[in-house]
There are 2 protein chains.
Amino acid sequence: MLRILLVSNSTQHGQRYLEHCSAEVARHFGGAGSGTEVLFVPYALADHDAYAATARTAFEAMGLRLRSLHEVEDARAAVEAAAGFFTGGGNTFRLLKRLQRDGLLEPIRSRVRAGAPYLGTSAGSNIVCPTIRTTNDMPIVEPESFDALGLVPFQLNPHYLDPAPDSQHMGETRERRIREFHEENEMPVLGLREGGMLHIEGAKMTLCGPPSLRLFRRGQDPAEYASGSDLSFLLGEVVQA
Amino acid sequence: MLRILLVSNSTQHGQRYLEHCSAEVARHFGGAGSGTEVLFVPYALADHDAYAATARTAFEAMGLRLRSLHEVEDARAAVEAAAGFFTGGGNTFRLLKRLQRDGLLEPIRSRVRAGAPYLGTSAGSNIVCPTIRTTNDMPIVEPESFDALGLVPFQLNPHYLDPAPDSQHMGETRERRIREFHEENEMPVLGLREGGMLHIEGAKMTLCGPPSLRLFRRGQDPAEYASGSDLSFLLGEVVQA
């Protein structure tokens with residue numbers, strides 16, 4: 001049974017790392033104080049030691065433990081034995097390239113399909129989708145392909161930003177970028193605003209966190225879903241990538 | 001001799017398409033009223049007919065002519081015979097994928113190296129660089145590779161945006177994205193603000209348009225160059241991609 005928590009952003013303005021989602025994160029990994037050891041994937045940032053230290057501090061404050069993938073001898077064995085996963089944000093291209101290079105996509109996918117809880121923030125949420133085609137990140141490195149974990153049948157756009165009505169900047173708005181995506185692809189795109197989370201448990205998906213979610217479908221007007229909405233219907237759809 | 005005009009954005013807020021750079025564009029193609037026929041590359045947007053019509057209107061207002069690549073029978077022959085090129089903005093991944101698929105990168109590169117003037121706006125400027133690794137666009141489609149025309153030995157970031165000091169949004173600033181690029185790559189990155197242009201004539205490169213340019217180098221603080229600056233030194237550098 002799938003157990004996935006997808007968070008838009010790891011840090012909410014003015015709060016500590018993972019503070020805004022700590023209740024959901026602790027519950028996801030067996031409860032605060034449970035001591036569950038989660039395997040951390042630090043590859044979206046360049047400084048793995050510093051990143052693991054930040055994540056470990058937040059996890060230990062919840063009474064959980066954290067082991068970072070870059071610290072283990074045998075990455076594949078660590079993935080196969082992991083009680084759960086946390087993939088942090090940063091650059092999605094860098095993250096995906098490293099997981100492809102190390103051959104870790106398939107082992108992570110298998111463990112999560114077998115029921116190991118997965119937490120993703122930002123880039124770590126992007127890679128749960130079929131591809132990384134809806135990331136906001138700069139393509140600073142070239143992965144083998146854009147294909148990612150494919151654990152859900154939709155695309156996510158984290159840090160979703162509404163158009164600023166008074167902007168004079170001529171770069172594309174986020175909504176226009178997603179419209180361009182739908183000129184080329186069929187897959188629905190979920191605009192997950194900052195503070196928003198998707199909680200998946202088996203066949204059920206719920207929108208958590210304060211903001212509403214914006215759902216984009218090819219050829220349709222975007223639709224808004226309020227916090228608490230049951231979005232399970234999006235898990236059942238089989239759509240051409 | 002290279003003759004390249006790289007424009008950050010095709011439309012300046014409150015002005016018509018290409019209006020803010022029309023003097024430079026007309027001069028680039030033999031002068032207003034010269035009747036030069038320029039080959040337009042419309043592939044960064046989905047609607048090629050509409051895009052070509054917009055570009056043609058702007059070119060005809062300058063007394064130039066425009067033929068769109070999507071209207072010709074033999075694209076390769078049209079490229080080889082072209083008196084000049086204009087590649088418009090839109091999505092850089094879509095643009096590059098199409099040029100790769102049609103085998104047009106090498107013929108365009110050869111013609112421009114042989115002296116045919118090239119104009120790029122936004123995505124059309126990005127593809128003049130060695131790779132598209134510093135585009136702002138969403139990776140809505142997957143090109144064969146990120147390798148582009150490689151006519152200049154630096155990377156460009158069009159629509160460069162300074163960090164907003166009061167923003168509460170936790171997505172990466174443009175400066176932070178470029179810093180991430182330099183965690184992985186050596187190549188200098190030129191942040192070209194809206195209204196900015198780079199004019200290349202042989203071994204000479206000049207910054208035109210009102211805004212200053214921000215130059216990012218790996219391991220150094222960013223540097224600002226005022227409008228009118230001679231940036232020829234950036235053409236002579238040989239740097240590892």
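1. The buried residues of H5(B) pack against S1, helix H3 (75–81), S4, helix H4 (92–101) and S5 of chain B, where contact means heavy atoms within 4.5 Å and helices (H or I, at least four residues) and strands (E, at least two) are DSSP runs numbered from the N terminus. The residues concerned, in helix H5 (residues 105–113) of chain B, are B:Leu105, B:Pro107, B:Ile108, B:Arg109 and B:Val112; buried stands for under 20% relative accessible area, exposed for over 50% and partly exposed for what lies in between (1.4 Å probe, protein chains only). After H5(B) comes B:Gly115, with a positive phi near 115 degrees.

2. On conventions, this is a predicted model in which local features need pLDDT of at least 70 and side-chain atom pairs count only at pLDDT 80 or more, while totals for chains, interfaces and linings use all residues. Residues are numbered from 1 along each chain as its sequence is written, chains are lettered from A and ligands numbered from 1 in the order in which they are written, and side-chain values use heavy atoms, with hydrogens and water left out.

3. Chain B holds an open sheet of seven strands with mixed pairing, in the order S3-S2-S4-S5-S1-S8-S9; two strands are taken to pair if DSSP finds at least two bridges between them. Strand S3 (65–68) and strand S9 (204–208) of chain B form the edges, each pairing on one side only, and the twist from one strand to the next averages 20 degrees. S1(B) and strand S8 (residues 197–201) of chain B run antiparallel and are joined by five bridges, with B:Leu6 standing opposite B:Leu198 in S8(B). Helix H2 (residues 48–61) of chain B packs on the sheet, where it touches strand S2 (37–41), S3, strand S4 (85–87) and strand S5 (118–121) of chain B, and its direction makes about 165 degrees with that of S3(B); axes here are lines fitted to C-alpha atoms, for helices over the stretch in contact, and angles run from 0 to 180 degrees between N-to-C directions.

4. B:Asn9 deserves a separate look. This residue is found in the loop between strand S1 (3–7) and helix H1 (22–28) of chain B, and is buried, with a relative accessible area of 1%. The side chains of B:Asn9 and B:Gln12 are joined by a polar contact of 2.7 Å, that is, a pair of N or O atoms within 3.5 Å, of which, within protein, one must be able to donate a hydrogen and the other to accept it, residues adjacent in sequence counting only if both atoms are side-chain atoms. The side chain of B:Asn9 also reaches the backbone nitrogen of B:Gly195 at 2.9 Å. Leaving aside neighbours within four places in sequence, the residues in contact with B:Asn9 include A:Met170 of the other chain, B:His20 and B:Arg193.

5. The contact between the chains takes 44 residues from chain A and 44 residues from chain B. A:Arg177 forms a salt bridge with B:Asp137, the closest N and O atoms being 3.9 Å apart; the term requires a side-chain nitrogen of Lys or Arg within 4 Å of a carboxyl oxygen of Asp or Glu. Eight salt bridges are counted between chain A and chain B. H7(A) gives the most to the side of chain A that touches chain B, with eight residues.
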